[in-house]
Amino acid sequence: MMTRFTYTLVALALFARVAGADERLDRLSDDHRAWLEEEVVYIITPEEREVFLNLGTVEERNLFLEAFWQRRDPNPATLENEAMVEHYRRLEYATRMLGRDAPRPGWKTDRGRYYIILGEPAEIQRYDGSNEVVSAELWLYNGDTRYRLPARFNLLFFKDNDVGEYELYHPYSHGPERLLHDGFSLRTNQNIAVDILETISVDLARASLTIDLSEPTAQMFSGRNTRDPMLLQVRPSMAVDSNLADIVEYPRRKVNTDYLDGYLKYGNRVTADYSFHYINSRAVFAVLVGPENTSFIHYSIEIDPENLSLEMNDDETAYYTTLQVSLELRNTEGQLLAISENQPFLQLTASQF
């Protein structure tokens, strides 16, 4: 009876996993599925992923990809999308270089994931597994505090028992003793493990306890090889998990997904090209009666400058763009009465820009 009951639970669990699979993925082309699950898996927002999976045609998905990268372009006035170029450089480097010691593609490894998210570290310290320390890499970054990153932080990757691929070190899940050869005996006395690490590298000892280098835990390591008795009071930082969560969310916090509003509001009424190039705006209008009781609609549209992409001429003396303004007039029952399409051309001098 016990065996049958156990097998039933296992079968139910497997069925639940299969039933929970997203069938929309199967409708994607190989290229679009690879884009979603491999190329942008670490930077796409949940809202963007949901909209992409709900698109019905290849053409709409291609337009989405164009809008996706346009929204991340730091300088729309240039021909090159610097954010897209840098992302694919990171992806290529992670795939080519960071999977050499792993049984899986480099972009799937811990080092590959954080390299794609954060880019090149400001400094890398490598420990080759000789003497007392297992093979490890310490990556140091200067963080953008606007997006909840610490001003200075480190990520530590190590080979557990010097075997297998590099994995992300966690002060609580692993503990300082895992960074040492034969450190198993110190699992109940981690202060000694930290003290040993400090004799090798104060940066490594600090990284065994914290990620945020501005924390009090990090500040206790003020000098090298001090064997400070204060270390007896040191414990891993309580903020490690929140630091890691902020790092993972960093590329998603940087992007404004309001460009999806056009699709969510108007996707069933206008083309995907209009939907994904929709710009949030503010508008006022008034209906005035003219000659022969003809009604005229006067309207004004206001667009925030950061939502306006401008091209410039060769000598950078003029900036210009063309907008596509679509106006629909409906009665209170929703019946379409009129459509107006307008394409105003805007040109600014350098001083106006």
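## A tour from aspartate 101

Start by selecting aspartate 101, which has a relative accessible area of 26% and is therefore partly exposed; buried means under 20%, exposed over 50%, and partly exposed in between, with a 1.4 Å probe and protein chains only. This is a predicted model, in which local features need pLDDT of at least 70 and side-chain atom pairs count only at pLDDT 80 or more, while totals for chains, interfaces and linings use all residues. Residues are numbered from 1 along each chain as its sequence is written, and side-chain values use heavy atoms, with hydrogens and water left out.

Helices (H or I, at least four residues) and strands (E, at least two) are DSSP runs, numbered from the N terminus. A salt bridge here is a side-chain nitrogen of Lys or Arg within 4 Å of a carboxyl oxygen of Asp or Glu. Arginine 111 is buried, because its relative accessible area is 7%. Now select Arg126, Glu137 and Lys159 too; with Asp101 and Arg111 they are linked in a network of salt bridges.

Next, go to helix 10 (residues 240-253), where arginine 252 and glutamate 249 lie 3 residues apart, about one turn of the helix. Their side chains form a salt bridge of 3.2 Å, N to O.

Move to phenylalanine 68 and tryptophan 69, both buried. Where is the charged end of arginine 72? It sits over the ring of phenylalanine 68, 3.6 Å from its centre; the rule asks for NZ of Lys or CZ of Arg within 6 Å of the ring centre and within 35 degrees of the ring normal. Rings of Phe, Tyr and Trp (its six-membered ring) pair if their centres lie within 6.5 Å, with planes under 30 degrees apart counted as stacked, over 60 as edge-to-face and the rest as tilted. The whole structure has 18 such pairs. One of them joins phenylalanine 68 and tryptophan 69, edge-to-face, at 5.0 Å centre to centre and 90° between the planes.
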